[in-house]
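Hi there,

Here is the structure I promised to pass on to you. Have a look through it first, and then read my notes below.

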Amino acid sequence: MENPFFIILLLVVVVLVMVAAVIRRYRRCPSDKILVVYGKTGGGSAKCIHGGGKFVWPILQDYAYLSLTPISIDANLTNALSRQNIRVDVPCRFTVGISTEPDSMNNAAERLLGLSSSEIQELARDILFGQLRLVIATMSIEEINSDRDKFLEAISKNVEVELKKIGLRLINVNVTDIKDESGYIEALGKEAAAKAINEAKVSVAEQDKMGEIGKAEAVRDTRIRTSQANALAVQGENDAQIEIANSNANRREREAEALRKAVAAEKVQQAHALQEAYAAEKEAELVRAERERSTQQANVIVPQEVERQRIVIEAEAEAEKLRVKAKGEADAIFAKMEAEGKGYYEILTKQAQGYDKMVQAAGGEANKAYMLLLIEKLPELVKTQVEAVKGVNIDHVTVWDNGNSTDGKGSTANFISGLMKSVPPLNDLFDLAGMNLPEYLGKKKEADAASAEEAEEVE
């Protein structure tokens, strides 16, 4: 069985080797170089980097550097034909370098990668010669010789465009003495020198003339200015004395005014001091009064206010207690009445149900149902009538009969009859109850009434 430690160590070594390989393939670009990564770059023939770094994939990619060191090129152009068909010699020194612009770096990678500095120098010299001849052919000798700025600007403009095509840029151009084979430039120099000498001589004579005139004018001005100075001196002395007198008067006036202001200010300050003293005393009295009022309030009003709040709290508590008690009693009464109402409701409901069944038993006729109820209650009614005369003791009734009779009835019979009439008849009881006697009892009553009427008629 293999040792686990050996396997782990082997894995660590493999990982470290891979990390080292990855680190070795990461290329950093110095500030004076351009890193060119070529191969499978995902777009274009190469990828140029100035500053920073780039990971270079093994096998798929490789890299190289382009130096940004400036290159000095001597371009001593001879027999160049100017616009006036005069051949001139233009010695120049150009300083060029690889450009760090993205497009120019790609052009340099495509056209200069792998070339030495001398090879790049020769390639650039050919471009410079051609553009320099082109610029000279568009200018005259006077423009080339006198207007150097225009000449250098034209050179830079033309050369810069062509150098950019191979990834270079123009850093500096320096043109030394320009010569021509016909001596035209030398003649122009002599002419300019003679003209300058003549102009200098005229300027010297003009300056001598101006010197003499200036000398005479200086003497005149000296005399005039001396006289003016003397007059001004006398006038100045007089003005000075007047100024001194005015100054003394102003001084005395200002001293008096200052004294007056000082006295007035002193009086004002004294008044202000008294006013502030009175204000301070008033403030002190107000503070003392406020303190007294606070003391009285703390000693009298605060306890009373505390007592008032205590009484209010106790009254509110008692009122709350009464409200709670009254609410409890009201709830108890309501519950009692609700229970009684429910009881009455149940009784009446049961009675109504019983009456409804009784009416149904009577075949749906209410009168028959009433007769059934009456028959049920008849023993109680009779018992009530009996109870009415039950307590009357007739054992000791004494009747004095004088022998007079009314309707054939004696006094004793009338007494008994009146006693019986004092008991409510059944018919009256039924009438009070809103009911009628049974039909057979009603007919008997009518028959009795008819017999009584006949007896009265016979008599």
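A residue is called buried when its relative accessible area is under 20%, exposed when that value is over 50%, and partly exposed in between, using a 1.4 Å probe and protein chains only. By that rule, buried residues make up 15% of the 459 residues in this chain.

Please keep in mind that this is a predicted model, so local features need pLDDT of at least 70 and side-chain atom pairs count only at pLDDT 80 or more, while totals for chains, interfaces and linings use all residues. Residues are numbered from 1 along each chain as its sequence is written, and side-chain values use heavy atoms, with hydrogens and water left out.

Now the overall picture. You will find ten helices and nine strands in the chain; these are DSSP runs numbered from the N terminus, with helices being H or I of at least four residues and strands E of at least two. A contact means heavy atoms within 4.5 Å. Among contacts in the chain with a separation of 6 or more, 64% join residues 24 or more positions apart. The chain exposes about 34,500 Å², with carbon and sulfur atoms supplying 58% of it (Shrake-Rupley method with a 1.4 Å probe; for residues, only the protein chains shown count as cover).

Next, the cysteines. How many disulfides does the structure hold? There are zero, where a disulfide is a pair of cysteine sulfur atoms within 2.5 Å. For Cys-48, the closest cysteine sulfur belongs to Cys-29 and is 9.7 Å away, too far for a bond. Cys-48 is buried at 15% relative accessible area, and Cys-92 is buried too, at 3%.

The structure also holds one aromatic pair. The ring centres of Tyr-63 and Tyr-65 are 5.9 Å apart and their planes lie at 80 degrees, so this pair is edge-to-face. For reference, rings of Phe, Tyr and Trp (its six-membered ring) pair if their centres lie within 6.5 Å; planes under 30 degrees apart are stacked, over 60 edge-to-face, and the rest tilted. Tyr-63 is partly exposed at 23% relative accessibility, as is Tyr-65 at 33%.

Ser-104 sits in helix α2 (residues 102–111). Is Ser-104 buried or exposed? Its relative accessibility is 1%, so Ser-104 counts as buried. Leaving aside residues up to four places away in sequence, Ser-104 touches Ser-99, Lys-164 and Gly-167.

Enjoy exploring!
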